[in-house]
Amino acid sequence: MPNDDLFKKVIAHAKEYGFIFQSSEVYDGLSAVYDYGQNGAELKNNIKDYWWKSMVQYHENIVGIDAAIFMHPAVWKASGHVDAFNDPLIDNKDSKKRYRADVLVEDHCAKIEGKIEKEVKKAAKRFGDKFDEKQFITTNPRVVGYNEKIGEIKDSLYKAMDNEDLPAIKQLIEDLEIVCPISGTRNWTDVRQFNLMFATQLGSTAEGASTIYLRPETAQGIFVNYLNVQKTSRMKLPFGIAQIGKAFRNEIVARQFIFRMREFEQMEMQFFVRPGTEKEWFEYWKEERMKWHFNMGIPGDQYRLYEHEKLAHYANAAFDVEFNFPIGFKELEGIHSRTNFDLSAHQEHSGRKIQYFDPETKESYVPFVVETSIGLDRTFLAVLSYAYQEEKLEDGSERTVMRIPPFLAPIKVAVFPLVNKDGLPDKSKEIMDTLKYDFMCHYEEKDSIGKRYRRHDAIGTPYCITVDHQTLEDNTVTIRERDSMKQDRVAIDQIPEVVKEKLRMPR
Ligand code: GAP
């Protein structure tokens with residue numbers, strides 16, 4: 001269920017503590033474009049590092065590349081993006097707000113799903129331990145009716161989308177009596193197609209310039225480099241190519257903070273396999289990717305797998321990993337079986353043979369591809385919104401703590417002198433200097449210790465080290481752990497050992 005209150009708090013917290021700022025804020029901002037601040041950049045880099053290590057370093061048959069954002073315009077013709085990367089949009093004439101027509105219908109379905117969730121919760125309370133959720137969903141007449149309704153609506157929507165039947169989509173919106181969330185009216189324009197790619201000019205003179213696009217996905221940089229990488233790395237199938245990079249989409253619905261941005265980052269991996277084995281690899285990658293998510297320590301009930309009914313033009317199977325964002329369960333990652341659509345299309349459009357000679361079967365063929373594609377910014381939002389907690393403490397005070405998985409935390413260790421005199425700052429800086437080459441550290445001497453703890457709770461720092469007068473006598477410090485707030489006294493030379501264990505990246 002969406003939690004608007006939590007969403008507002010997370011957005012405000014992200015700004016107040018240097019995670020995320022609106023782009024060009026001094027000029028009132030640029031819609032759906034965001035900048036990462038000092039703590040945000042660290043967290044983002046740590047997520048990237050976790051993904052890159054898990055995919056590239058821990059898999060001997062995956063290599064990473066970094067392709068350019070600008071690509072030959074023919075790439076986007078071949079990939080189908082020029083002709084088919086469209087969203088159907090509709091305007092409300094009273095609020096003058098623009099919406100994705102399919103999202104309006106899907107949001108309507110999500111409202112019905114919300115009713116189902118309420119029925120399930122009510123029944124679970126009523127039946128207690130004896131409650132069988134599966135049986136209830138398949139037999140309770142009201143829930144069955146809701147599910148049938150959702151099925152009918154989605155069938156009509158996907159049929160209309162497949163046939164590019166824009167009047168049918170408008171009719172569906174009218175039949176469902178969907179109103180504009182701003183004006184509350186049903187005064188809609190017709191539905192129109194809108195290509196999401198940003199175009200720009202390459203070349204200095206109007207006559208000599210050609211239209212090129214900012215890439216809407218990083219995947220095509222991998223496909224067009226398939227031959228180069230396969231030959232130079234001497235990889236044998238199955239093998240993968242991974243990449244992290246910016247992608248750009250002129251999104252219509254852009255009111256969801258960093259969930260839907262116009263400039264964002266993707267972490268994608270294309271896994272090239274022998275035709276006929278793609279379903280097996282699809283299952284393998286579904287499992288591997290879920291392990292990656294669960295290893296962050298976020299519980300499984302925050303994730304949901306959604307099998308696509310309406311497949312993209314290139315796919316023969318697709319799953320979304322959905323996350324329980326404050327705006328409800330929404331797509332975080334896509335796992336797609338992309339067939340040989342892209343490589344075949346580039347082979348046809350470029351006139352170059354893009355094939356693999358299989359030494360086992362002695363055949364040449366265009367490999368099939370299983371893709372895992374996750375939004376870096378959405379992962380960031382998932383981590384940030386799940387981590388955000390307001391706690392009432394035993395002494396009656398309150399704290400806001402970001403329970404960010406320690407290995408992802410922007411600052412790993414904060415070092416404080418208890419007081420700003422008696423040689424404690426010098427001793428603290430000495431400790432900082434021994435730790436900073438291994439851990440992202442932060443030194444703070446302003447305000448009371450309590451305030452300094454709160455500031456670091458608010459950015460998710462797993463360990464705070466306090467240097468006091470006893471330190472000068474016996475070379476020990478107190479280490480305070482973020483979640484338990486427990487404080488232990490340890491010898492200075494023990495600090496790396498104590499903190500290292502908890503900061504280790506999962507494998
Ligand atoms: N190569 C396949 C592909 O691009 P996609 O489902 O369109 O598939 C993959 O995008 C992932 O990229 C999504 O699951 C999402 O996490 C992220 N993503 C897509 N559009 C986004 C946007 N406008 N803002 C932030 N993240 C986005």
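F257 sits in the loop between strand 9 and strand 10 (263-273), and that makes a handy starting point for a tour of this predicted model. The protein chain is split into three parts: domain 1 (1-73 + 196-408), domain 2 (86-195) and domain 3 (411-502).

**Backbone spots worth a look**

- F257 has a phi near 55°, which is a positive value in a residue other than glycine.
- With 7% relative accessibility, F257 counts as buried.
- N475 also shows a positive phi, about 55°, although it is not a glycine.
- You will find N475 in the loop between helix 16 (469-474) and strand 22 (476-481).
- The relative accessible area of N475 is 39%, so this residue is partly exposed.
- L237 and P238 are joined by a cis peptide bond, with omega at about -5°.
- P238 lies in the loop between helix 10 (226-233) and strand 9 (239-248).

**Helices that pack together**

- Helix 2 (residues 38-57) packs against helix 13 (residues 376-387) at an angle of about 110°, and their axes are 10 Å apart.
- That angle is why helix 2 and helix 13 are described as roughly perpendicular to each other.
- Helix 2 and helix 13 pass each other in a right-handed crossing.
- On the helix 2 side the contact is made by G40, L43, K44, I47 and K48, and on the helix 13 side by L376, D377, T379, F380, V383 and L384.
- Helix 7 (residues 141-162) and helix 8 (residues 166-175) have axes that come within 8 Å and cross at roughly 155°.
- Helix 7 and helix 8 are therefore roughly antiparallel to each other, and their crossing is left-handed.
- Here I153, S156, L157, A160 and M161 of helix 7 meet A168, I169 and L172 of helix 8.

**Cysteines**

- The count of disulfides comes to zero, with a disulfide taken as a pair of cysteine sulfur atoms within 2.5 Å.
- For C180, the closest cysteine sulfur is that of C109 at 18 Å, so the two are too far apart for a bond.
- C441 is in no disulfide either, and the nearest cysteine sulfur, in C464, is 11 Å away.
- C180 is buried, with a relative accessible area of 1%, and C441 also counts as buried, at 10% relative accessibility.

Definitions and conventions
Residues numbered from 1 in each chain as written. Predicted model: local features only at pLDDT ≥ 70, side-chain atom pairs only at ≥ 80, totals over all residues. Heavy atoms only, no water. Buried < 20%, exposed > 50% of the residue type's maximum accessible area, 1.4 Å probe, protein only. Domains from an automatic or database assignment. Axes fitted to C-alpha atoms, helices over the stretch in contact; angles between N-to-C directions. Helix = DSSP H or I, 4+ residues; strand = E, 2+ residues; numbered from the N terminus. Parallel < 35°, antiparallel > 145°, perpendicular 65-115°, else oblique. Left-handed = near helix turned anticlockwise from the far one by under 90°. Contact = heavy atoms within 4.5 Å.
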